[in-house]
Amino acid sequence: MGANEQQDNKPRWGNLLLLVALATTFGGAVPTGYCIGVINAPSKLMKVWCNQTVHETYGSNLSSGGLELLWSCIVSVFLVGGAIGSLGGAGAANKFGRKACFLICGGMFTVGAVLFFFCRAAGSVEMLIIGRFIVGLASGLVTATLPMYLSEVAPLALRGTLGVFCAVGVTGGVVVGQVFSLADIFGTEDLWHYALTAYMILILVCYLPSYLLPESPKFLYIVKGNRAAAKRELQRLRGKDADELIAQEIAEMEGESNAKVQSSSFCDVLRDPRLTLPLIIVCCFHGGQQLSGINAIFYYSVSIFEKAGLSTVNAQWANLGAGCLNLCVSLLGPWLMAYCNRRTLMMFSCALCSVFLFTIAFVLFYIDQVSWFAIACIVCIMGYIFFYQFGLGPIPYFIGSELFEVAPRSVAMSMGSLSSWTCNFIIGISFPLLQNAWDAFVFLPFSITCVLLFLLTKFYLPETRGRDPSEVAPLVSKGFRSKVK
């Protein structure tokens, strides 16, 4: 084992591996985040256009409630598409391959961009809704398959590092979408459809070299049984002078392909008691990431900044600054995942986020009675965003690829992504209602979610850094009776 560990601990960044990481991140993850972040700033202008278009097309005027309902559909249909795309991710990843899923995502992003660009000229709200649904499908497929693809093409020492690229890309895409939708760029009455479409620049650039990208060697070897093709792709990824490393990885894949756990369908995975605990961990991590309130924080932060005395415009810029902080901290992710244990990072992140969320609720409740509480609330929001990216942000994206062997991995990643999109949809629908009903205390459930994730991590998540999934899987095979330490 000592020799293997020494071999594994040498990161090998070949040119092809770097191309895969950058092309898939900027061509898949960034457009996903872009479509999340771009819709907020021009919402008032788009609502006016929707109202005028419905009147011109159908001869009727929408009430304020009807217009809000229509806008809710335009926003939430993206999340519905994301959930459906996640659900189909397992079947697509095993049938077509990891690389093919990336190409399918590019096709759907392109179709969505075309619909966005021409919906205004065509005077069609339906094109806007269909476009949002299609890019939602693509985004769900990205979050279900991209971390799996990256972790399977990476050597063991770099799997956590590459696995976090998807999280960084989504976070960066949100910020880019916010920037492009500013009134100083494309967030105007005449140009908002350009804002919705601008991510196509990344699609064109990143998909041009797609013919060079390798298929996942593990997919070829274990799922398709094409050992010759798997070895060729490994040689391309690791280099011709890495015979020892290639032989070691092939031996690992041979052992995994001969393992008893060969569950590959949804029913197989759900029925296998050995996979129950890791599946619960993956789904709870993904869902808890959303239920920890990150999107609600960004939704509410503008009004908090206004309470601190900022104008509406400055509050929007401050909100963009919060997004940039989120992105900057996320850039530490690859380094953190390479040198820090997953359990430590996740517990550290959950504990501090819970404290900051509880403090936000307390400070908001008394914000009108204590003058400096407005500033304290801003500090707490920034503190929450900062520590969120240490564990809660990046780890759920790739933890499934480290807990599951190849055969059931696509189902697990798909279920986790489905949990994320579903909880995102629940937050988007329920948060404004709960905010009106509970006021400041709406942040307490988010704090409790972080506590529960802390406990789940402490007692049931085995350390996965530097371990092959074949070593980790037995540690969680006995369900809640497992001894993970």
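## Reading the model

A residue is called buried under 20% relative accessible area, exposed over 50%, and partly exposed in between (1.4 Å probe, protein chains only). This is a predicted model, in which local features need pLDDT of at least 70 and side-chain atom pairs count only at pLDDT 80 or more, while totals for chains, interfaces and linings use all residues. Residues are numbered from 1 along each chain as its sequence is written, and side-chain values use heavy atoms, leaving out hydrogens and water.

## A pair of Phe rings

Let's start with Phe365, which is partly exposed at a relative accessible area of 39%. Phe441 is also partly exposed, at 38%. Rings of Phe, Tyr and Trp (its six-membered ring) pair if their centres lie within 6.5 Å; planes under 30 degrees apart are stacked, over 60 edge-to-face, and the rest tilted. The structure holds 27 aromatic pairs. In one of them, the centres of Phe365 and Phe441 are 5.0 Å apart with planes at 40 degrees, so this pair is tilted. Phe365 belongs to helix H20 (residues 342-365) and Phe441 to the loop between H23 and H24, 76 residues apart. Helices here are DSSP runs (H or I, at least four residues), numbered from the N terminus.

## Around helix H23

Helix H23 covers residues 406-438. Shortly before Pro432, H23 has a kink of about 45 degrees at Ser430, where the bend is the angle between axes fitted to the seven residues ending there and the seven starting there. Just after H23, Asp439 has a positive phi of about 55 degrees.

Phe431 and Phe443 are both buried.

Methods. Helix = DSSP H or I, 4+ residues; strand = E, 2+ residues; numbered from the N terminus. Expected span 1.5 Å × (residues − 1).
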